[in-house]
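I opened the notebook to look up charged pairs and helix packing. Here are my entries, in the order I made them.

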Amino acid sequence: MSSQSKRREMDVMKLMMNDYVVETINDVLNEFIVGFHGPKESLYEGGVWKIRVELPDAYPYKSPSIRFVNKILHPNVDETSGSVCLDVINQSWSPMFDLLNIFEVFLPQLLLYPNPSHPLNRDAASLMMKDRKQYDRKVKEFCELYAKKENIMKPTAGEETDDDEDVTDEETCSSDDEIDGRADP
């Protein structure tokens, strides 16, 4: 077993030992889903998101791909793909970081301190800058609609359900006029 494979296994084990739910995709450690809880004392508190993690063959020397599977309203998360705009993952990655850093430091910091100046979701950034109270209400509404624990982490590893398809369908719907938080009929 290569040192990269050992590191991959060790990092995934660290997540599980720290009470993260990890669901492998196709029973390999290159792709998996991690249950992520919104940070305490934030607009996202109480929400649970599925985060899809893809580890490149060169991990930990090359950064993982991270994306939200279920919808989240945030200026630095692409509303369609769930991709995350986070410099430390996308540009400043170092093998000194591990998956636990992503889930205990980087993602919570992203949610606590959104940066509307460099958005992936222009609608969310615009709303945040123009009407902070309305933005806060929309974030909480998205948490209610798309990030309830009982709706998110139901399937077990390897199980295919219609719920997974529904989340993907919801991700692709958006309105150009305003962010309304519901899929278009």
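**Entry: a pair in α5.** I looked up Arg132 and found a salt bridge with Asp136, with 2.9 Å between the closest N and O atoms. By salt bridge I mean a side-chain nitrogen of Lys or Arg within 4 Å of a carboxyl oxygen of Asp or Glu. Both residues sit in helix α5 (residues 132-146), four residues apart, about one turn of the helix. Helices here are DSSP runs of H or I with at least four residues, and strands are E runs of at least two, numbered from the N terminus. Arg132 has 41% relative accessibility, so I noted Arg132 as partly exposed. My cut-offs: buried is under 20% relative accessible area, exposed is over 50%, and partly exposed lies in between (1.4 Å probe, protein chains only).

**Entry: what I am working from.** This is a predicted model, in which local features need pLDDT of at least 70 and side-chain atom pairs count only at pLDDT 80 or more, while totals for chains, interfaces and linings use all residues. Residues are numbered from 1 along each chain as its sequence is written, and side-chain values use heavy atoms, leaving out hydrogens and water.

**Entry: pairs that involve α1.** Arg7 and Asp11 also meet in a salt bridge, at 2.9 Å from N to O. They both lie in helix α1, four residues apart, and both are buried.

Next I checked Lys14, which forms a salt bridge with Asp98, the closest N and O atoms being 2.7 Å apart. This pair links distant parts of the chain: Lys14 is in helix α1 and Asp98 in the loop between α2 (87-90) and α3, 84 residues apart.

**Entry: the tally.** I found seven salt bridges in the structure. Glu31, Arg52 and Glu54 are linked in a network of them.

**Entry: α1 against α3.** Helix α1 (residues 3-17) packs with helix α3 (residues 99-112) at an angle of about 40°, their axes 8 Å apart. Axes are lines fitted to C-alpha atoms, for helices over the stretch in contact, and angles run from 0 to 180 degrees between N-to-C directions. The two helices are therefore oblique to each other; angles under 35 degrees count as roughly parallel, over 145 as roughly antiparallel, 65 to 115 as roughly perpendicular and the rest as oblique.

Which residues meet there? Asp11, Val12, Lys14 and Leu15 of α1 touch Leu99, Leu100 and Phe103 of α3, with contact meaning heavy atoms within 4.5 Å.
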